[in-house]
Every structure is written in C-alpha cells, then in structure tokens.
Amino acid sequence: MMQPPGSNGVQGLIYDKILPYLDACGWEFHFAGPSPSMASVLTEKVNCHPSRLHYSTNVSWSKRFSVLKNRCRNRSLMYLSYGFLQLISSRIERLLRHDHLSYTLAGLRRVVREAEGQWDYDLIAGKTPDFQVLEEVASLAEEMNKPLVALIDDPHGYRNELGFVPQDAEKQRRILRQCRGAVFMSPLTRDRYVQSDLVDSGKAYAMTDSYPVSSSLYVAGGGCHDRLPCATHASTVATPQLHLVYLGMLPEWRPIEALLTALEMASISVQVDVYGYLYSGAKDKIMASPKLRRAIRLHRSVSYEASHWLAEESAGLLVAIGPRHVDNQPSKFFEYLGHRKPYLVLGPRGNPIEALIRDLGIGVYCDIGSTQSILAGILKFNNHYSSFIEAYDRNLELIENYSAPRVAGKWVECLEAMLRQDS
C-alpha cells in the first residue's frame, strides 16, 4: 500500500486498530510500503512488531524534501530551505526523466520479495488507491504463485450519482479474476463492480472502517487543551452556539460552498474547527466574509491520537462526502463513533452513510450541494441534540458492529472464506 501503518494516512490506520483482534484469531498481518519517515508529514505509533513492517526507502528526493518542509512552521527558515531543496530536486528529476511512481513501485516490489522469502505468506494483498499498486502486487503474486487479495477503497474509474464507468476494465477484470477475494470499503462500490462484470459476486466482500476501543483516545483534550483549541457544547441540550469539528482534508472534490452560504444565513451561531487542508477557493470565501471568519477556524492537521482528543471534547462531528462519491463511506464517519457525538454529514443523496445516519439516529444527513438542506440540518442538529446522543444508548448493539473487535471478526470470516476457495 502507499500509506502503510506508521503513516498518518487513512490506508494504514484502517488496519492498525484491528491488528490485536486479528492476532487473537490466528491472523498475522504484515505491511509493505514507502517509509513513513520519508513519505508522511505526520507519523504514528504502530500497533505491531517492527518485523511486520516492510518499509521501502524508494521515495523520491522531491517528495522527501516536501515532507520535511511541511513538518516545519510555515514560512520559517527551515521551511523555506526545504522548499528550495524541493524545487531543485524536482527540476533535476525532470531533467533525468525520473518517474516517481515507477521508483516507488520498484521499492515495493523489492521489499515484498524479501518479506515473502522470509515469511512465506498465505495471502498477498494489494491496496488501492493507487490502482498501479494493485496491478504490481497482482503481478508479484502470480510470479510467486501466491493467492491474491484485492483491497479496494476507491473505484478505479469515473463515478457519480448515476453510476460507475470503469477505467481499464479489461485489466481490472483480469486482476479480479486472478484474486482469491476482493474487499470493498463500501457496499455500493462492491455492487457496482459486480454489476460491471469486473468481479464475481461470490468473492466480493463489503467491509467498513472501525472505531478504536483504546481508553487513552477517549480523554477530552488529552491534557493538551492549549495546543488543541476546540470549544465544546455547554450541555446536552440546545444552546445559542453550536461548535463542530472537522477532522481531515477538504480538497476541491469535497466542495463546501453551500455550507459556507448556510453558515452566513444561519439564525443560530455556529463555529466549525477544521483540522487539515482546505482548498483555496473555500479559504478565499471565508476570508472575504467577516461572519465566516468568525464561524470557521482553520488549523493544521493533527496526529491520530490528538484527533480523537478533539473529537472527545467536541459538541459534534462534521463529515463531508464529495457530490460525485455516492458510493464512498468515509473512514472518519466510523473512526469517531466511539465518542458518542452527534454527526452532521454533508453528502450526495443515496450514499450508504445517509441510511446509516437514519438507522442509527445519531445525527443529520444533508445534501452537500443544497444550502437549504444544510440550513435545515443545522437547526435540526441543534434542536434535537439530546436525542442524537441518547440514540447511542438506544442503538448500542448496532453501533458496536463498527467497533474494532467486531470489524476484525468480519475480516477473519472473509479471510477464512478466501482460504477455503479453490485457487
């Protein structure tokens, strides 16, 4: 994978939570990918023995300098120095026609071969994104005569509210015929692949991310209130001001213009703390509006542990799903369920999270492109705040299906089924 455990990216974090429970069931997961120390701005503690982490050092120098730059305070001397080195290395790489992805895949190939020679795996998995990783691992698994597992977070192709158009359909079909099983992080993505005749339904599984159960993550502020500013709801009843936290990236394909307009029009005071990247168009709109400058506070990304402390002391969680991503089940929805906080979810109609929010009763789902839908959602969130919290008790059994131990159990069922299949 491109973001193995140790990285701050969601790819590795999905698995780190469930490793102890997989171990208890007799499954030992190993991971291969670019070294987080070179490829990830934030690095995380890993919940497994170092012998299971097979990191490649094939990380282009421009990428390394970019990572080092973004670990520094913005516009500091070190930030500018690493930025200069990033620029120089990028130009040298262009002159040498250096291919970043090919270089990364060559490193992945090397560490997988070395690990297989030592450990003799039962199954070998490749994870998308990127599709080229899955393609490379499929080739390796075939060469080594090992069963392949395809782990598919995002579909390879174009998708919107109307459907899915595969990219490289024949190539995907060939890889998915080869694999022993394909695990999709959304039931709708699974169904779309089956309906597109890319994979046989008998070996296509739908999975979700999970929420961790470690008590250390459920401490408000984690003793770091000065570093992690996030005001809280004063009580479990509606109040004149509502504070929400958004934990993660907001790139252009998760547009929030309708949300910004709704915040300007809202009859109640709302404050949103955003921790992570926000695209420039939204920043410009915020800066141009005095009301939005008061309503939205922007912060740098925080560590995994700190994100949970912020969730614990928040009044509620804001989640955004891109308007074309009807099939996407964002990890951040499942990640913070253990905090028992109401959700305000913005996304396209028909997304699986819309039904989950309705069935669990823990928040409000709004049309991400509709100012009126978001305005109504904000008022409903505020006015029914107590009932959304109480829903965590009413629907405890349903919610616990998404805990790390339960999700690990589902993984074990899938993996055992794959091993029982004929090659």
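Visitor: In β7, what is the bridge partner of Leu151?
Guide: The partner of Leu151 in β7 is Val183. Keep in mind that this is a predicted model.

Visitor: And how do β4 and β7 pair, over how many bridges?
Guide: Strand β4, residues 148–152, and strand β7, residues 181–184, pair in the parallel sense over four bridges.

Visitor: In what order do the strands of that open sheet run?
Guide: The order is β3-β4-β7-β8, four strands with parallel pairing. The edge strands are β3 (124–128) and β8 (204–206), and each of them pairs on one side only. On average, neighbouring strands in this sheet are turned by 20 degrees against each other, with direction ignored.

Visitor: Changing topic: how many salt bridges are there?
Guide: The count comes to 21 salt bridges.

Visitor: Take Glu143. Which side chain does it meet in a salt bridge?
Guide: Glu143 meets the side chain of Arg113, at 2.3 Å from N to O.

Visitor: Is Glu143 buried or exposed?
Guide: Glu143 counts as exposed, at 52% relative accessibility. Arg113 has 38% and counts as partly exposed.

Visitor: What about Lys146, which residue does it form a salt bridge with?
Guide: Lys146 forms one with Asp120, and their closest N and O atoms are 2.4 Å apart. This pair links distant parts of the chain: Lys146 is in the loop between α7 and β4, while Asp120 is in the loop between α6 and β3, 26 residues apart.

Visitor: Lys146: buried or exposed?
Guide: Lys146 has a relative accessible area of 16%, and buried means under 20%, so Lys146 is buried.

Visitor: Where does Asp393 lie, and where is Arg340?
Guide: Asp393 lies in helix α17 (residues 385–394), and Arg340 in the loop between α14 (331–335) and β13 (343–347). The side chains of these two meet in a salt bridge, 2.9 Å from N to O. The pair therefore ties together parts that are 53 residues apart in sequence.

Visitor: How accessible are Asp393 and Arg340?
Guide: Asp393 is at 51% relative accessibility and counts as exposed. Arg340 is at 31%, which counts as partly exposed.

Visitor: Last one: which residues do salt bridges with shared partners join into one network?
Guide: That network is made of Lys17, Asp209 and Glu335.

Definitions and conventions:
Residues are numbered from 1 along each chain as its sequence is written. This is a predicted model: local features need pLDDT of at least 70, side-chain atom pairs count only at pLDDT 80 or more; totals for chains, interfaces and linings use all residues. Side-chain values use heavy atoms; hydrogens and water are left out. Two strands pair if DSSP finds at least two bridges between them. Helices (H or I, at least four residues) and strands (E, at least two) are DSSP runs, numbered from the N terminus. Axes are lines fitted to C-alpha atoms, for helices over the stretch in contact, and angles run from 0 to 180 degrees between N-to-C directions. A salt bridge is a side-chain nitrogen of Lys or Arg within 4 Å of a carboxyl oxygen of Asp or Glu. Buried means under 20% relative accessible area, exposed over 50%, partly exposed in between (1.4 Å probe, protein chains only).
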